[in-house]
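Please examine the sequence and the structure before reading the solutions.

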Amino acid sequence: MRLSDREWKVLEVLWQGEGLALGPVVEALRPGTGWSRNTVFTYLTRMEGKGLVTIDKQRVPHLYRPAVARSDCAAAERRVIQAWIALLGAARAKRRAHRT
């Protein structure tokens, strides 16, 4: 799973809570992003569709929770970085071999 920077921002807020209503999520994100309530709502809804967030619609207000663990997301990011490092290393080795 590859998260966008914006998805990371949303999840960072959700990982800090035990299920948050939209208002507190917006207030946590607004200072660093300037996002409106509608923008945050759109992100949360899209992230639910991706399986990144769960929405408890039985409660009013709805509660938003992360559906993925921070450790799993971090591990996936490390794998992507390691793959890029390996790819760059292979490309450099190929250039060196081609020069000689």
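**Exercise 1: aromatic pairs**

Trp35 and Tyr43 are both buried, where buried means under 20% relative accessible area (1.4 Å probe, protein chains only). The model is predicted: local features need pLDDT of at least 70, side-chain atom pairs pLDDT 80 or more, while totals for chains, interfaces and linings use all residues. Residues are numbered from 1 along each chain as its sequence is written, and side-chain values use heavy atoms, without hydrogens and water.

Task: Determine how many aromatic pairs the whole structure holds, and classify them.

Solution. Rings of Phe, Tyr and Trp (its six-membered ring) pair if their centres lie within 6.5 Å; planes under 30 degrees apart are stacked, over 60 edge-to-face, the rest tilted.

1. Trp8 and Trp15 lie 5.7 Å centre to centre with 65 degrees between the planes, an edge-to-face pair.
2. For Trp35 and Tyr43, the centres are 4.8 Å apart and the planes at 40 degrees, so this pair is tilted.

**Exercise 2: the buried face of helix 2**

Task: State which residues of helix 2 are buried and what they pack against.

Solution. Helices (H or I, at least four residues) and strands (E, at least two) are DSSP runs, numbered from the N terminus.

1. Leu22, Val25, Val26 and Leu29 are the buried residues of helix 2.
2. Viewed down the axis of helix 2, they fall within an arc of 95 degrees (directions from the helix axis to the C-beta atoms), so they line one face of the helix.
3. These buried residues pack against helix 1 (5-15), helix 3 (37-49) and strand 2 (63-66), contact being heavy atoms within 4.5 Å.

Technical notes: Buried means under 20% relative accessible area, exposed over 50%, partly exposed in between (1.4 Å probe, protein chains only).
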